[in-house]
Amino acid sequence: MEALRQRLRAIDQKGYKAYKAIEGEYSFPAFTLAIDHVQGDPFAEPSKIQVIVPRVKTVLTSEWTNTKPRRVRCEDVLARRVHHELRQWPARARGSGKSGLVSIDAPGQKVLERTAVCITDETIAICLSVGLPANGRRILAKEAESIFFQQIPAVIERAVYGLREEEIRPAVELADQQHAIRRYLHERGLVAFVANGAILPRESGVSDKPLRKGAVPFQSPPELEVAIPVPHRAEPIKGMGIRKGITLIVGGGYHGKSTLLQALEHGVYDHIAGDGREFVITDSGAVKIRAEDGRSVANVDISPFIGTLPYGKETTRFSTENASGSTSQAASMIEMIEAGASAFLIDEDTSATNLFMRDARMQALIAKEAEPITPYIDKARQLFHDYGISTVLVVGGLGDYFEIADCVIKLEQYVPSDVTSEAKQIAAKMPSGRKAEGGVSFGRIRERIPLPESLNSQKGKKAKAVARGRHVIQYGLTDVLLYALEQLVDDSQTRAIAAAFLYMERKGWLDGTKTVRQLLDAIEERWDQHGLGSISFRNGHPGEFARPRRFELAAALNRLRTLRCRQ
Ligand code: ADP
Ligand code: MG
């Protein structure tokens, strides 16, 4: 500790580069401070430090972290507490650039595995970003001293040592309950569950917080209600269960269809208490599929949906720099089958109509031979039968789907009802007259093997692999655009994806023998065994990552314009 003080005093008023001298580990009375990475100048990304607290001095005994979901929850609680305490300190810069700004990679409405706090058997490591203070580029050592010797000890004292069991208990119990529901879904053949009383609508289109005024709480139709026993409460949790197979969500415009589907999209992650979606739980393999014209596609066999294109363009090895609505959506589906999805969540609002329907009249006018597209309606059943992939589809205008649906849920003024038998009767009484065009099976999925040149982080002499917000990764000379990934929910997930690309590149994983699926498995295994931060190249600092699903990782790889694959 005194060593740090001395080093700081020795570099006071010197040029900013002299800060490098403080990299290293220091022991404080209450923790060990590791200064892993010192920024190059006051305007650069802040310096990275870790505060390592011995667990024995906190209330965090091992029972609170004896399962993975519990440990992640405790890490989440601590990250929120540290964030809260840091905010009690003046946020203004103490000098130039980011001088004096101290922050933690704080979670939002979701509980994700993240590197901000890492609990092991003996320690709690808290990762902070610190803007080392300067006036211009001249070191302000006194200001730095106050950060390390006053602010951080005070924050750790309150946030970590001040943690009480009363605060951990409800969070851990909620984690246990959410986990129990996930397991139940898995065991009972359900794709999703929406508890009675859940609040689905959000404050606004750009907020993940619940709508405060006038939200109609969810209430399951009696026919679809399931009661799921969960720990830490006597009564089971009741709500709507969506079974595997093909489910339609129908209803008039503005009656809440997309809102329900979005809640299902987000239900692949756990939410904090008070969010309204605590007990909206979706199979973690459920993937939103949407149209995204303009995206690139690298050697995907989209022939199950789209046959030979005009001028004989083959679709068994379809590549483009500029996909259309239907080809982009078809490619996304095949890519997500390749990545191992268990369900597709689809909203007509964001879909290519011609990929979903060709009605009897259009079949009569345009011969099958002249239409490359086989609509989803003729493929959804095969997709479930051949690959076990369920569909949850929002449709307001495509009644032909009644025929293939296992369940039809109607929303009226945000209230759901089960109209399956009514829809089936209508389908029987008013035949659609269309012919099935889908053939006898879905079709083979050819696994792709990415080639080594796909990942090239070099930009001039330097490597560049950075996330710019949530939806852009700058990788070498290309920008990967992720605006269409609606289940990418945290900027730190995007950072983790950028880091995973760099890791795969530097480790030579894309050696021309591994399939996309094998690469995804390998990254997940790395994260499971060595931790999310183990892909960081930052001097022992685990980075500021939140764990993305394999599907978002795959989706980002698939949108890399330099991706080259062989089948
Ligand atoms: P649809 O997809 O059926 O056209 P949306 O899901 O887009 O409808 O919902 C329309 C509007 O209603 C949105 O502003 C949404 O926030 C709001 N809304 C949805 N569900 C609820 C609800 N349960 N309570 C209150 N408002 C809701
Ligand atoms: Mg809608």
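Predicted model: local features only at pLDDT ≥ 70, side-chain atom pairs only at ≥ 80, totals over all residues.

Biologist: Is A556 buried or exposed?

Modeller: The idea is to count the C-beta atoms around a residue, where 20 or more within 10 Å make it buried. A556 has 23 C-beta neighbours inside 10 Å and therefore counts as buried.

Biologist: Which residues is A556 in contact with, once its neighbours within four places in sequence are left aside?

Modeller: Those residues are I473, V480, L482 and I497. By way of contrast, A79 is 477 residues from A556 in sequence, and their C-alpha atoms are 27 Å apart in space.

Biologist: What should I look for in a nonpolar core?

Modeller: In soluble globular proteins, nonpolar side chains tend to be buried together. Here the largest nonpolar core has 117 residues, of which F193 and L345 touch the most other members, and helix α11 (residues 491-506) gives the most to this core, with 8 residues. A second, separate core of 50 residues includes L33, C74, I119 and L132.

Biologist: How should I read a helix that has buried residues along it?

Modeller: An α-helix has 3.6 residues a turn, so residues three or four places apart point the same way. In helix α3 (residues 141-161), which bends by about 35° at I147, the buried residues include A141, A144, F148, I152 and V155, as well as I147 itself.

Biologist: And for a strand, why is β13 described as largely enclosed by the rest of the structure?

Modeller: One looks at both of its sides. In strand β13 (residues 246-251), 6 of the 6 residues are buried, so the strand is largely enclosed by the rest of the structure. I246, L248 and V250 point one way, whereas T247, I249 and G251 point the other way, and all are buried.

Biologist: Which strands pair with β13?

Modeller: Strand β20 (residues 390-394) runs parallel to β13 and is joined to it by 4 bridges, with L393 as the bridge partner of L248. Strand β21 (residues 407-412) also pairs with β13 in the parallel sense, over 5 bridges, and there K410 stands opposite V250.

Biologist: Finally, which residues come nearest to ligand 1?

Modeller: There are 15 residues around ligand 1, and G256, K257, S258, T259 and Y414 come nearest. Helix α5 (residues 257-266) gives the most to this shell, with 3 residues, and the shell as a whole divides into 7 nonpolar, 7 polar and 1 charged.

How values were computed:
Residues numbered from 1 in each chain as written. Chains lettered and ligands numbered in written order. Near = placed C-beta within 6 Å. Helix = DSSP H or I, 4+ residues; strand = E, 2+ residues; numbered from the N terminus. Nonpolar A, V, L, I, M, F, W, Y, C, P; charged D, E, K, R; others polar. Buried ≥ 20, exposed ≤ 12 C-beta atoms within 10 Å, placed from the backbone. Pairing = 2+ DSSP bridges. Core = buried A, V, L, I, M, F, W, Y, C linked by C-beta atoms within 7 Å. Bend = angle between axes of the 7 residues up to and from the residue. Contact = placed C-beta atoms within 7 Å.
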